[in-house]
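Reader: I would like to go through the labels attached to this model one at a time. For each, please give the value and the criterion behind it.

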Amino acid sequence: MDETFMKARAYLAQNYSDPELSLTDLCHYLGFSCSYFSTLFKQKTGLNYSHYITSLRLEQAARLLTDTDDTALSIGYQVGYSAPNYFSRAFKKFYGISPSRYREQNQSSYRVISNGRNSFLNRSQPPAPDMPDNLLFLHSVPCGSRFPYLKMLPHGLCIIPHHIQ
């Protein structure tokens, strides 16, 4: 049965952005009756199908709000909501704040700068007076992006190894 749930989770992860995605679609894909699979799904995950897909969509929306500059409207569509007001209401119910407020609280801008050998991540602040002149600003990167390989340097800089860029 664990293999079935792995298939179900993979299917949902691949198709959550489809606003028409339903339990019937999932069960048809897996070859189970809806009532039987719904009971098993709830036992295995602790959530019913609709709560599971809602949490999957809204967690992805939160990541997109933090890691991109896409509008909340666009993000709502990307994660499977065809009605912008419904997305905003669902997001606020799930997180306790609106999508725009969530973004304000969880995203601060960083810049990637390069000296030709390495790139650096810097908060959006003016460069320190003693920072080398040959650093070039490349593009903005939201702070929610995951950079586990960064190494902190002076002036709030982080080094990105050249092979990662």
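Reader: What is the handedness of the crossing where H1 passes H4?
Author: The crossing of H1 past H4 is right-handed. The model is a predicted one, and the labels discussed here are computed from it.

Reader: Which residues of H1 and H4 meet?
Author: From H1 there are Arg9, Leu12 and Ala13, and from H4 there are Tyr49, Tyr52, Ile53 and Leu56. By class, this contact of H1 with H4 has 6 nonpolar residues, no polar ones and 1 charged. Tyr counts as nonpolar under the scheme used, and Arg as charged.

Reader: What makes H1 and H3 roughly perpendicular?
Author: H1 packs with helix H3 (residues 34-45) at an angle of about 90 degrees. The class roughly perpendicular covers 65 to 115 degrees, and the angle of H1 with H3 is therefore placed there. The two axes are 12 Å apart.

Reader: Which residues of H1 and H3 make the contact?
Author: H1 contributes Asp2, Thr4, Phe5, Ala8 and Leu12, while H3 contributes Phe37, Leu40, Phe41 and Lys44. Sorted by class, the contact of H1 with H3 has 6 nonpolar residues, 1 polar and 2 charged.

Reader: How do you know that threonine 4 is buried?
Author: Its relative accessible area is 16%. Buried means under 20%, so threonine 4 qualifies. Threonine 4 lies in helix H1.

Reader: Which residues is threonine 4 in contact with, leaving aside its neighbours within four places in sequence?
Author: They are Leu30, Phe32 and Phe37. Phe37 is also listed for H3 in the contact with H1.

Reader: How many helices and strands does the chain have, and what pattern do they follow?
Author: There are 7 helices and 5 strands. Along the sequence the pattern is α-α-α-α-α-α-α-β-β-β-β-β.

Reader: What share of the chain counts as buried?
Author: The share is 35% of the 165 residues. The accessible surface comes to about 10200 Å², and carbon and sulfur atoms hold 53% of that surface.

Reader: What share of contacts between residues at least 6 apart in sequence joins residues at least 24 apart?
Author: For this chain the share is 57%.

How values were computed: Residues are numbered from 1 along each chain as its sequence is written. This is a predicted model: local features need pLDDT of at least 70, side-chain atom pairs count only at pLDDT 80 or more; totals for chains, interfaces and linings use all residues. Side-chain values use heavy atoms; hydrogens and water are left out. Helices (H or I, at least four residues) and strands (E, at least two) are DSSP runs, numbered from the N terminus. Buried means under 20% relative accessible area, exposed over 50%, partly exposed in between (1.4 Å probe, protein chains only). Contact means heavy atoms within 4.5 Å. Accessible areas come from the Shrake-Rupley method with a 1.4 Å probe; for residues, only the protein chains shown count as cover. A crossing is left-handed if the near helix is turned anticlockwise from the far one by less than a right angle, and right-handed if clockwise. Axes are lines fitted to C-alpha atoms, for helices over the stretch in contact, and angles run from 0 to 180 degrees between N-to-C directions. Angles under 35 degrees count as roughly parallel, over 145 as roughly antiparallel, 65 to 115 as roughly perpendicular and the rest as oblique.
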